[in-house]
Amino acid sequence: MALVQRDEQLGLIERLIQDSGTDRGSLVLVNGPAGCGVTTLLQEVATRVAAAGAIVLRTFGSESERDLPFELVAQLWTSAETGHPENSDLHCLSTSGHASSQYETTGYATVARRLWNWISGLAAHRTIVILVDDVQYADEQSAQCLSFLARRLSRARVVMVLGNQPHLRIAHPRLSTELLSLPNCHRTRVGPLNISGAVQLAATFDIVDDEITEQLWSRSGGNPLLLTALLEDHKRARNSTTRAMFATNPNEAFADAVLTCLYRCEQQVIDTARLLATVGADMPSHLIESLLRSEASPAIPNLSVLDQTGLLYGFRFRDPVAKATVLHAVSTEQRAELHLRVAECLHDSGATCDVVAKHLLLADSPLPAWAVPILHEAGVQELDSGRPEEAVTVLTVAHRESTHERQGAMMLALLADAEWQIDPPTAMRRLTELVDLAANGHLRRQELARIVGRLLWCGRYADTQRLLSYWDTCPKHLDEGRNLEHHVLEMWVKYTYPVLLEADPSLLACDDAQITSAEITASPGVQAALLTSALLYGDDADLVGGAERLLENWDLRSSTFSPLSTALSTLIQADRTDLARVWCDRLLARASELGVTTWIAALHNISAEISLSEGDFAGALKSASAALERLPALGWGVTIGRPMATFVLAATALGEYEQAADLLRQPVPDVMFQCRYGLYYWHARGHYYLARDRPQLAIDDFRACGDRMVRWRLDSPQVLPWRADLARAYLRMGEHAEAEKFLEEQLAMTAPRFRGLRGIALRLLATTRTRSDRLPIIEEAVALLRQTRVRHELSAAISQLNDTRRLGPVAQTGQAPLHTLVEIETSTRQMQGTASAPVIQPQAGRLDTLSQAELRVAALAARGHTNHHIARRLFITVSTVEQHLTHAYRKLGVRGRRDLPKQLRLSRADLAG
């Protein structure tokens, strides 16, 4: 290590050596922290004085030799460059192990007197310089000898330089006091380098970049040994020859230097460093101070030592590599013990559970009894914060360390909740054990409610009924206050798994008093249940306002995900897909940030449902695909029916029939058709059959859907408009009377606020009426659909209105046909705040003469579709396609589809209308 910024110390020692030529010897005490260059300074002194002709007697203290009598002074004898006769009284000091046996009975005085006689004899002819490094490790006898020599230096040409680290416990505390009281004693100190010294040292490595030098100097705290090591590592990394060789350990020299500095300190300082290396970087300083003060031996003074060595700054390591190096050098057993000590101190100091838990996870088993409640609380926090992977880690240890069955059952239930968010199939394997624990009375009702949800997700209805039979026998003392989970569970089962209530309607009967407004405000689950009830039973509740309040007041976490999803679905069904889109995108972004698989998959599907409702079938297909890809079919359980339905509806609307058919060929759980998710599947498959011109199969699916909804008391158009679906199929078969009957029923059941449902039903109803009765119905349908974002249905309604007016008594009304698609796209762009070009650019005097039906058929023909494909796509006959094309050719003045103008370009959504 190069000697930098040590001119003052060297000058003092050289001046004292010069003065000793007049028989005025001196004593110099050189203090300095580990790694700051005391040894390097003494080596430089030895080199210089030896070159000047002086005799150098050098010795080194060692902690491992502190208990060997006279070991330090024995090195003075062996280091002499002059010969010493074999019969010398000090000859025995040169033979290892003989000094103790020879002099332990005679005491140090005899050896010290003979040693002084020998040194003073040498000094009669030449200056003697005695250099003692790490004098703090001197054995007791050698320390007394050094004191003896120091008191006689003023009468000889002898200078003694003792190198010492400050704040280290010297073998004889009185030695320091005795030496400092001598009139010829001088003190000097070597400390960390300032930035100027760092620049000088960096120059010896050919590093002239001041910014790099300052960074390395800051990391080292100015400690010359640490800084030298950092410079070596930097130079090595910069060298193309050695870069690859040391790529796996770019901080090799620095790590070695850190340990060198640390192990030159006393054991209690080393212990403090290890303790601080164990502490997390996010631990507040006051807790670290409390931890250090709790140690058996005072650790606060050790901070000063570590700070002076450049390893610490305050309570923390200056450099993360230094911290990692110190911790890596500790054995696994020691590390676990350290973490437990830290955890105990933090627990006693009132630290938060998450801070304590980090150290408990790294401690050895078995943990103390107080650890499990701490881990439990930390696991719940991780779960509620949307960090299921961290929750699994914490709760796994909590479950392992549980000391009784009730505690273990609670930990297992929470662990299953956390695993469910990451990988549902893994959590499914724990359900049987949890049902058994519930049977033995070890679970609370709120835990039973969550397990019921998991069992139903898997379609395990028998186990669910068994679990619910324990509801009333659940130990009441385990629950605190009123159990609102019961109300939430009751509504959820009624809406989603009503088959459970067919055999036993009283299975979830709630005897509690009516829920208060304060309880509603405090429970997102209850709020979601009330929204579901309002949708299902047509309550006059403020659906949109209630859904928005729920979304605004609660953050995304484990306990709120299901209620927030319900709020999004409510906005969709209330024709406020614009609000649903904003909130869904926010929640999806948050779920993606947290990385919770089940949340991401479910929100992708809700996003697809929003796009489907707005007629963005391509967007719906993309989002539904993402949902199915994110979570495997087994992970979806019986809920797979919903994303599959969304995918099939979107693919069918786009004419991607093979994609829809491929998904429909995949097996689904039979139990899916015993819950609400089977309804979605039948609904989507019915529309697929209808698109493939198989109306009877569509009717079978729509009727199956309707029969279940009536039987399960879910018969509400807001859930699924199965009557309108049946009407479409009957219209395809030409059975207008049947279609009219079902449409009238649906309109009678649909509240006025559900404008989209009413508008669609009215549009279909208009087709069943005579031409003279059709106009007011379709006008009402258009008026209602204009207030929604159901673009494809609005497009179809306006097309019907144009056709009705064109073929009816238009002259009497004086109303001109509407440019349907341009108007719709303009309206949509205004709602979205965009200014993109419209989908269609009508050709003045030509395209605007086409009816909407003719325009759709001509656009598909211009894109190369055959008449048969156009008929299947638009749900019309081939003969009707031919008629529309004939009229379009005549109005546009072209001979055939090859001559159709390029301006005939519609979006897929409009073509599907």
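## Arginine 236 and its partner

Arginine 236 is buried, with a relative accessible area of 15%. This comes from a predicted model, as do the other values in this report. The side chain of arginine 236 meets that of glutamate 252 in a salt bridge, at 3.1 Å from N to O. Arginine 236 belongs to helix 10 (residues 224-238) and glutamate 252 to helix 12 (residues 252-263), so the pair ties together parts that are 16 residues apart in sequence. Glutamate 252 is partly exposed, its relative accessible area being 29%.

## Other salt bridges

A search of the whole structure finds 32 salt bridges. One of them links arginine 450 with aspartate 417, where the closest N and O atoms are 2.4 Å apart. Arginine 450 is part of helix 24 (residues 445-457), while aspartate 417 is part of helix 21 (residues 405-422), so this pair ties together parts that are 33 residues apart in sequence. Aspartate 417 is buried at a relative accessible area of 5%, whereas arginine 450 counts as partly exposed at 23%.

Arginine 48 sits in helix 2 (residues 38-51) and glutamate 14 in helix 1 (residues 7-19), so the bridge ties together parts that are 34 residues apart in sequence. Arginine 48 is partly exposed, with a relative accessible area of 36%. Glutamate 14 also counts as partly exposed, at 32% relative accessibility.

## A negative surface patch

Asp209, Asp210, Glu211 and Glu214 form a negative surface patch. Among them, glutamate 211 lies in helix 9, which covers residues 210-220. With 55% relative accessibility, glutamate 211 counts as exposed.

## Cysteines

The structure holds zero disulfides. A disulfide is a covalent bond between the sulfur atoms of two cysteines. Cysteine 353 counts as buried, at 4% relative accessibility. Cysteine 675 is buried as well, with a relative accessible area of 1%.

## Serine 176

Serine 176 is found in helix 7 (residues 173-180). The residue is partly exposed, with a relative accessible area of 28%. From C-alpha to C-alpha, serine 176 and glutamine 136 are 9.7 Å apart in space, and they are 40 residues apart in sequence.

How values were computed:
Residues are numbered from 1 along each chain as its sequence is written. This is a predicted model: local features need pLDDT of at least 70, side-chain atom pairs count only at pLDDT 80 or more; totals for chains, interfaces and linings use all residues. Side-chain values use heavy atoms; hydrogens and water are left out. Patches are made of residues with over 30% relative accessible area and no salt bridge: like charges are joined within 9 Å, nonpolar side chains (Val, Leu, Ile, Met, Phe, Trp, Tyr) within 5 Å. Accessible areas come from the Shrake-Rupley method with a 1.4 Å probe; for residues, only the protein chains shown count as cover. A salt bridge is a side-chain nitrogen of Lys or Arg within 4 Å of a carboxyl oxygen of Asp or Glu. Lys and Arg count as positive and Asp and Glu as negative; His and the chain ends are not counted. The place of a charge is taken as NZ of Lys, CZ of Arg, CG of Asp or CD of Glu. Helices (H or I, at least four residues) and strands (E, at least two) are DSSP runs, numbered from the N terminus. Buried means under 20% relative accessible area, exposed over 50%, partly exposed in between (1.4 Å probe, protein chains only). A disulfide is a pair of cysteine sulfur atoms within 2.5 Å.
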